[in-house]
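Visitor: I would like to go through this model with you, one contact at a time. Please keep to what can be computed from the atoms.

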Amino acid sequence: MIEYMETHSPADTEAAGAYLAKLLTQRRPDRRWFICLEGDLGAGKTAFVRGFASIVSPGSRVKSPTYTIVHEYRGGGVPLFHFDLYRLEESEDGLEEIGFDDYVAGGHCIVEWSEYLMERPEDVITVTIRKNGACDRQIEMEWDGC
């Protein structure tokens with residue numbers, strides 16, 4: 001399934017993330033999700049995560065984990081692990097060092113710069129955010145089996 005949205009502000013992009021979280025929570029509340037985020041610098045990936053986290057981990061303060069690689073949000077029933085792989089530059093060694101497979105098994109994962117993943121789990125949800133101007137974004141959400 002593919003769904004498209006247009007947003008016109010960071011708040012709209014957050015709302016798109018919240019929309020996806022609500023949709024997934026309603027359809028498959030028993031499942032742990034792996035979400036790959038794709039988009040250029042400044043496209044709104046972290047804003048999307050803020051919206052997603054507002055549903056699955058209410059009260060969590062979301063910021064980009066660029067320098068720490070992963071942030072953990074534990075405000076909901078299932079932990080949310082927010083990765084930023086920009087600094088890994090296609091190196092799986094960094095993922096092994098932080099215990100990436102344990103995170104994947106332990107909760108929901110949402111990964112910025114997922115194009116640096118050499119292997120992805122099955123049934124991923126891919127969200128692509130494209131800039132269409134200063135604040136306008138085209139968001140494409142694609143998934144199977146959700």
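Visitor: Which residues does Val127 touch, not counting residues up to four places away in sequence?

Guide: This is a predicted model, in which local features need pLDDT of at least 70 and side-chain atom pairs count only at pLDDT 80 or more, while totals for chains, interfaces and linings use all residues. Residues are numbered from 1 along each chain as its sequence is written, and side-chain values use heavy atoms, with hydrogens and water left out. Taking contact to mean heavy atoms within 4.5 Å, and leaving out residues up to four places away in sequence, Val127 touches Leu20, Ile35, Cys36, Leu37, Glu38, Phe48, Ile139, Glu140 and Met141.

Visitor: How many residues of helix H2 are buried?

Guide: Helix H2 covers residues 45-56 and reaches 17 Å from its first C-alpha to its last, close to the 16 Å expected at 1.5 Å a residue, the expected span being 1.5 Å times one less than the number of residues. What covers its buried residues includes helix H1 (10-27) and the strands S2 (34-38), S4 (80-84), S5 (108-112), S6 (125-131) and S7 (137-142). Among the buried residues are Phe48, Val49 and Phe52, and of the twelve residues in H2 the number buried is nine.

Visitor: How far from buried Glu112 is the nearest side chain of opposite charge?

Guide: Glu112 has its place in strand S5, and a polar contact of 2.6 Å joins its side chain to that of His82; such a contact is a pair of N or O atoms within 3.5 Å, where within protein one must be able to donate a hydrogen and the other to accept it, and residues adjacent in sequence count only if both atoms are side-chain atoms. For charge, Lys and Arg count as positive and Asp and Glu as negative, whereas His and the chain ends are not counted. Glu112 has no salt bridge, which would need a side-chain nitrogen of Lys or Arg within 4 Å of a carboxyl oxygen of Asp or Glu. The nearest side chain of opposite charge belongs to Lys45, at 4.8 Å.

Visitor: How many residues apart in sequence are the parts that Glu14 and Arg50 tie together?

Guide: The side chains of Glu14 and Arg50 meet in a salt bridge of 2.9 Å, N to O. Glu14 counts as partly exposed at 28% relative accessibility, and Arg50 likewise counts as partly exposed at 31%. Glu14 lies in helix H1 and Arg50 in helix H2, so the parts that the pair ties together are apart in sequence by 36 residues.

Notes:
Helix = DSSP H or I, 4+ residues; strand = E, 2+ residues; numbered from the N terminus. Buried < 20%, exposed > 50% of the residue type's maximum accessible area, 1.4 Å probe, protein only.
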